[in-house]
Amino acid sequence: MARPTFWRRQKAGVALLGQALKAAELEARRGLPGPDVPPPLSPDAAQRAEAEAILQRVKAALAADRPDALALEAAERRLILGRSWDSLDLYRLRQALLWSDERYQLDERFVDLSLLIDLGEDAPTERWRLQERRYQSLDAALAEQPDPAFVVLAAPGAGKSTLLRHHELRMMLDGLRGATERISVFVPLSRYGSRDDDFAAPPLTWLASGWAAEHPDLPPMPTLLAEQRVTLLLDAVNEMPHRNADGYLARVGRWQAFVADLAARLPGNRVVFSCRSLDYSAPLSSKDLAVPQLRIEPLDNDKVQAFLGTYCPRQADRVWASLQDQPQLGLLRTPFLLRMLALQAERQRHVPTGRAALFSSFIRGALRNEVQGGNRRFLSGSLLSSRDRQRILDLRQWPRPFDLPGSGLFPQLADLAYVMQDNRGSTEAAQIRLPYDTALDLLEATLPVEHAEAVLLAGCDLGVLDQERSKDELHFRHQLLQEYFAARKLADAPRADLATSEWRADRISPTVAEQIASLAPAEPLPPLSATGWEETMLLASAMTADQDAFVEQLADRNLPLAGRCAAQPESKVTEPVKERLRWSLVNRSRDAKADLRARIAAGEALGELGDPRFKRCVSAEGVEYLLPPMVRVPAGNYTIGSDEGIYPEEAPEHQIWLDAFWIGQFPVTNAEYACFIKAGGYEDERWWVGEAAVSWRDGRLVDGRIINTLDMYDRCKALPSLLGELLTQGTIDTKQFSRMTSYLTKDRNSLQKDLLAMTAPDGPYTAPRFWKSQQFTSNTRPVVGVCWFEGRAYAAWLSHQSKMQFRLPSEVNWEAAARVSLMPEEADVSTSSCGLVNSQELHVGTTTPVAAVCCERSNKAADMMGNCSEWTSSIFSEYPQHLLADVLTSSDVNRVRLVTRGGGFCLGEIDVRLSCRIHVISTSRSSTDGLRLELVEHSTSTGLVPSAQRGAET
């Protein structure tokens, strides 16, 4: 046995003996952070004096605004970072040095934060509302928003943990400058309790214990909180250890209560969580304390180009040219992955096609640097063979983009990542931390003991692993790297069962109906449980030898995930297998026996793989477009309107004869509309008919929201009690009530000027209002945030490309199509909705893939009610007259109201009915405003002949 291993095991034996003697104490402290971690070293007098001198030097450099203020010698850094101090200023310096490391660098030019406000569980519409305001730093958001607690939301790789660390770095530097007395405390919530225990310490007890263990000479945590100057940075709330969904909710409930209590008793403190998705962070918000969410948005094309220009300037144009309009671009819109790509672009001319190839290329580049730099660990035969080293130094392409040396190093790292992920004990993907000795023991199960530690140290040298010496813990530097290495093992030995996900409604408890019955009005429907293997399966599917077999086996266990695997840019899945997956997803998305959430997931995956219901075509001009499926509405007498008395504008009920016509089976989807944008539809004058359409597109017309707000202002001025009545009725929420109350304190001209300043576009419009919002933009969801002019322009563009004539339907044609689609042809038609629709009562809170909610029949129009509200060509007027709009003038825009039909996801069932008429101005671009097309047959009939007149003609 090697001497280091002997001493390590002797030390471990002593530790085990000590733990046995303290068993009762450890049991009592179960759930507290690091009870078996030795306390940090205290400085002697000489070290204390040296640290003070360093501190004063750094303070002087900061006061002089010197950029090298934290550029200490290696020995000085080790001193500050390796001791426990009794001075808050030395604590600040320690944390500033820790987070100023290159790996935690943050370029705020590429941060884009949007704010989601919690309107409360009882809000009349959706609970979480996206604000227009954007922020380029967490500091700016926290400075502007007074809330005592926030959540930073982002997918892995988007930089949420780095954002928290950078905020702490800024706060520590400001403290050293004397600009603030606040301190912050960064804590990974992956250490909160144990997955095997239902017990977890109260958050304050847990925080206080961890703080005391790491900083025994500083004031206790309760004391600092009592002084109301602490910002708690609680990283990765979704990674709290838990056995199941109930266990997670119990633990997040403790934090919810803690934050609400802290805000009530000690409001000067703040808490900032990070989390991967709203599904996991929403429970932190409560009636006692609404917790806003700051979402990190994916980098748009302009920011991606700017990022490449900054971090790989010599290759930026070439890299962007290889990424532009390619599927892999959608996978690389995070700083972590783009930084990795930039490093590869600077090293070699090849641009990886996807994430698996990108990670592999990054590892090869890091390994080449270590070998060329003479790192002795990589020169011996235990980690790399001589052939491995030669291949690493050879700049030619490897046989496969995922290949790595096959000797001991990388298979062992893959084994370690796989075991860590397999033993995480929850349904949530998480970055796992292990005691260093535990990681060694795992490797020693398959590796000679003298090589185990070399593997771990080599992993740290490569930037794959990270050792946190203060807690003697080891973890992969990023969750995505952990998943990548676990995927390498999974690719060699596929196990589809790891991602098994139930989809049948009768096998999922509680049912959707039971869950909806228990929810507050604006509380979202909980998602189906994840397996935690989703990202790993995606990476593994690209690297496995037989991709067809991999996805077909996975399809039996998790069909949407199999579809996502086959849709990746790196996928080599054959077209016959893809086509079978597409139709399986179509059938799942409209299977009434499937759980609603499973249908939605199938529809989302279908959008990535390509929906076969839409025919992909290329016009004579070489423009790609999607031809929508159409359904025929037969000729006949149709009932229009209602005498139910719900809304007066729906009366009187009357009959109209309509000739047969064709209407879109679905609302226009994002995938269809993306073709219009890609083809330059917003820039081409041909599609924007009339001076009002051109003026709107160029940003010269008043935003519809301003007109609506001024209309409400006038009504409230005329009837002061109206605003309170609307709040009581639930027509507006408390946020809208407060905003309108503040507007009423201004005179009308001042208000209009302020509104114009807030809503003025930066230039011509180039996309729908919510085109970049993650909430609405998957391919199979209906496009929303489009105004009447955009709907008409799209119809004109598609007509030109397809040589067919499309238009917005009249409202009577729309209502006739809805009646035919929802009721049997021989039955009396009711004015109420039939079946399941995506309205406020469904608690989805956003649009859904087309037909996923209503389970459409192949020969009927789907989503006629709910999901989105669809523009018609009809001018709002009293029945029985029916007026059609052709070309609006600029003066028409502010006075003519047009009709939308179908309601939307955030409207209640009273507004999601066959006969409900919603009248809005042409420039409205709300989150429910979408469109559906009618195909005009070659006929001189207008399709709008009253039945009495029709009878006279015949």
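Predicted model: local features only at pLDDT ≥ 70, side-chain atom pairs only at ≥ 80, totals over all residues.

Colleague: Why is Asn 670 called buried?

Modeller: Buried means under 20% relative accessible area. Asn 670 has 3% relative accessibility, so Asn 670 counts as buried.

Colleague: And where is Asn 670 found, and which residues does Asn 670 touch?

Modeller: Asn 670 belongs to helix 27, which covers residues 670–678. Leaving aside residues up to four places away in sequence, Asn 670 touches Trp 771, Phe 776, Thr 777, Ser 778, Asn 779, Arg 781, Pro 782 and Val 783.

Colleague: How do you know that His 843 counts as buried?

Modeller: The cut-off is under 20%. His 843 comes to 9% relative accessibility, and therefore counts as buried. You will find His 843 in the loop between helix 34 (811–822) and strand 18 (869–875).

Colleague: What does the side chain of His 843 reach, and what makes that a polar contact?

Modeller: The side chain of His 843 reaches the backbone oxygen of Glu 523 at 2.6 Å. A polar contact needs a pair of N or O atoms within 3.5 Å, one able to donate a hydrogen and the other to accept it. Glu 523 is also among the residues that His 843 touches, including Ile 516, Leu 519 and Pro 524.

Colleague: How far apart are the C-alpha atoms of His 843 and Arg 127?

Modeller: They are separated by 9.2 Å, although the two residues lie 716 residues apart along the chain. Across the chain, among contacts between residues at least 6 apart in sequence, 74% join residues at least 24 apart.

Technical notes. Residues numbered from 1 in each chain as written. Heavy atoms only, no water. Helix = DSSP H or I, 4+ residues; strand = E, 2+ residues; numbered from the N terminus. Buried < 20%, exposed > 50% of the residue type's maximum accessible area, 1.4 Å probe, protein only. Contact = heavy atoms within 4.5 Å.
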